Amino acid sequence: MVIETTSKPLVVPTTSISAEQVRREHGAELDALARFQRVTNYLAAAEIYLKDNVLLEEPLKPEHIKDRLLGHWGTSPGINLIYAHLNHLITRYDLDMFLVTGPGHGAPANLANLYLEGSLHDFYPNLTFDKVDLRNFVRSFSWPGGFPSHLYPGVPGTIHEGGELGYALATSFGAVMDNPDLIVACIVGDGEAETGPTATAWHSYKFISPVHSGAVLPIVHLNGYKISNPTIYGTMSDEELLHLFTGYGYQVQFVIGDEETDLNAQLYGALDWAYQEIRRIQRAARSGHPIERPRWPVILLRTPKGMTGIRMLNGVPIEGSFRSHQVPVADVKHNSAHLHLLEQWLHSYHVEELFTPEGAPKAEILEQCPQGNRRMGKNPHTLGGSIRQPIDLPNIYDFAVPVDQGKLGRHGGLSVSNMEQLALYLAEVIRRNQHRFRIFSPDELESNKLGGVLKATTREYAWPIPPHNELVRSDNGRVLEILSEHTCQAWLQGYLLTGRYGLFPSYEAFLNIIVSMMDQFAKFLKLSLEIPWRQPVPSLNYLESSTLWRQEHNGFSHQSPGFINSVLNKKAAVSRVYLPPDANCLISTMDHCLRSTNYVNLVIANKQPMPQWLSMDDAVAHCRAGASIWHWASTDDGIDPDVVLVGIGDNPTLEVMAATHTLRHELPELRVRVVNVTDLMVLELDSVHPHGLDKQMFEALFTPNRPVIVNFHGYASAVKQLLYGRNSSDRFTINGYIEEGTTTTPFDMNVRNKTSRYHLIMQAIRLAAPHNARVAAHATERVSHYEYILADHRRYIQENGVDPQDINEWQWHD
């Protein structure tokens, strides 16, 4: 059809055949599809309301109604309409396809379809096709011990819960990457379409290679309303939506109607057209004649909210309004008139025509479902752990930094960028895993000193690019860079949950943007661990760099380590935080994280050149332990110390080492033990976290009774949280970021936050003096001396704009 506009007409593409022709040629199929939807719509409504009499074999009574009515009806009929047609498309063309449901609160619809196709029975053998188990199925929705009101890992075919809106579309694109035969249909609700992440996700096709990856078929369900308001898309005209999606780069097909119009014929033709367009674009690219700026199909489905349900209640509309969003009529247990209205609604589906007397769906209903792994609830990609192949990782010793080549001794004499060294390792990971490893970065790869990976790959981008961008190309680049943390996270989630591996490097401060997404993914992993048929998937690996301690040039806005606290709040079974002190530890840690499964791993590393402390052998041993005494840096191997200095993070460790070095030379009577922690979770009780140290090992590391000074990378509250429950935590002094920052010098960041070597020295003197008379004898003079140094530092940087030479050029001497 043609829509008149103020400029020139825009032509809406027509389907391959008209709705009228579809009805003439496929009338019997359309009737079968309509019957199938009657079953799924009835089951969805029954799941929300009924705990008994689920086949309406007797008049509906209050005791048949659930005491707590939970669930969302409004989106369910649209999901059922789409699911039925996708089943038919899969069967017609033998497709490898599954569905991502953005409106995950429409779980009654998904569950109804999964019950009919038999996927639920495959995972829950008690859900068979008879009266007893049909009752059990209907009753189990939003019932303690049953299925929640939203999708979750216990629902087959689910890689996206749809509880927090915004990420369905980008997750779908992540799933099709490197899966050239896969099509993921994605329902985007018009409420979810209002979110920023969804608005950006429409550009995902610009990063998808039609040769090496599959396709996403977006279906925007325009039912007009959110929970109590019209949606933005619902208030837009077809012309405005056409302009919007044409601008995004899509071909648009509208399907518009209600239960009184031939929606099934329209959608049949639209889906057939969309499938043919997908294959046309892919065939062209795979035959060596790619289409420049291919316009992938999108279907805009405009139907009334809650169609086939209750139309009016108490004189106001229910169907086609926000009032159908959740439970259309809620007081049916105590209001006989409303109970009668519900009964009329449920009887309108003529359930007696759809089930056998034994309670089984009739054969012609079940014939509409694909078979075996073609069922969307059994698609192997939705069980990524079952198809996951081990990642091929190189020998970390091939990338070891030779710390013994330092001029001043074995430790700390060599200065190397930890991230640049890691990039060499990651480049080899890419070479070995061309179709199962990707890096998702918010336009910060080279800024974070990981540009070395581009020696092994390029950035992927499918649309034409300007000249002089030789490191961007469309043929299977392993790096995707888009300035949207939400999109990177969702792409990665889709990639991981379909069995592949990935890495998300980011500026430290801006990972906070996706805290809630990390939270949702951690919940997905936590629940997956409780479901025996969910096999382990590759871990979600974050790499924080451009950390606050070296964001002195960007200023206060770039100084925020709060993502650590967010990860710590997740369940111990899935959360891990690592702060490797040097390049060898970083490589060993990343190797471990890429091999791991079912974790959220947060790795934190500075990108600027830093002293290198441990050989690769020592680094491996240190990382396996999670924390260890650095005997070579301690007084008399750390035996009988006056104070324990603890570094957690590469920059705080540098200050610990500088403080220790100064004390060894200027106040040798103060005995210091140096401890480095690389696995933050070792601080927690062993009864709380599997990495936590038991009492004996904790005291072996930190002594039973000596004062401990912790110099921590992030907020002190994180360490305090981990130490909670340990009887000796009151002897711990914890330094960390205290929200003091600006555009200043690197060392001044430590001074402002009281994590500098001089602050550590003064703390050590004050804590050691009460039980070491020799220290006490010099305490006042020494503390005054270092206070003066700090004051002099402030004068120096204000006059010169840089840190003093003795700070910039400091090195450890063995």
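**Reading salt bridges and burial**

User: Arginine 23 has 30% relative accessibility, so how does that count?

Analyst: As partly exposed, since that term sits between buried (under 20% relative accessible area) and exposed (over 50%), using a 1.4 Å probe and protein chains only. Mind that this is a predicted model, where local features need pLDDT of at least 70, side-chain atom pairs count only at pLDDT 80 or more, and totals for chains, interfaces and linings use all residues. Residues are numbered from 1 along each chain as its sequence is written, and side-chain values use heavy atoms, with hydrogens and water left out.

User: Which residue forms a salt bridge with arginine 23?

Analyst: The general idea is that side chains of opposite charge can pair when their charged atoms come close. The rule here is a side-chain nitrogen of Lys or Arg within 4 Å of a carboxyl oxygen of Asp or Glu. For arginine 23 the partner is aspartate 31, with the closest N and O atoms 3.1 Å apart. Aspartate 31 is partly exposed too, at 39%.

User: How many salt bridges does the rule give?

Analyst: The count comes to 38.

User: What does arginine 438 pair with?

Analyst: Aspartate 178, at 2.9 Å from N to O. Arginine 438 is in strand E11 (residues 437–441), while aspartate 178 is in the loop between helix H6 (168–176) and strand E4 (182–189), 260 residues apart. Helices (H or I, at least four residues) and strands (E, at least two) are DSSP runs, numbered from the N terminus. Both arginine 438 and aspartate 178 are buried.

User: Which residues are linked with Asp178 and Arg438 in a network of salt bridges?

Analyst: Glu460 and Arg478.
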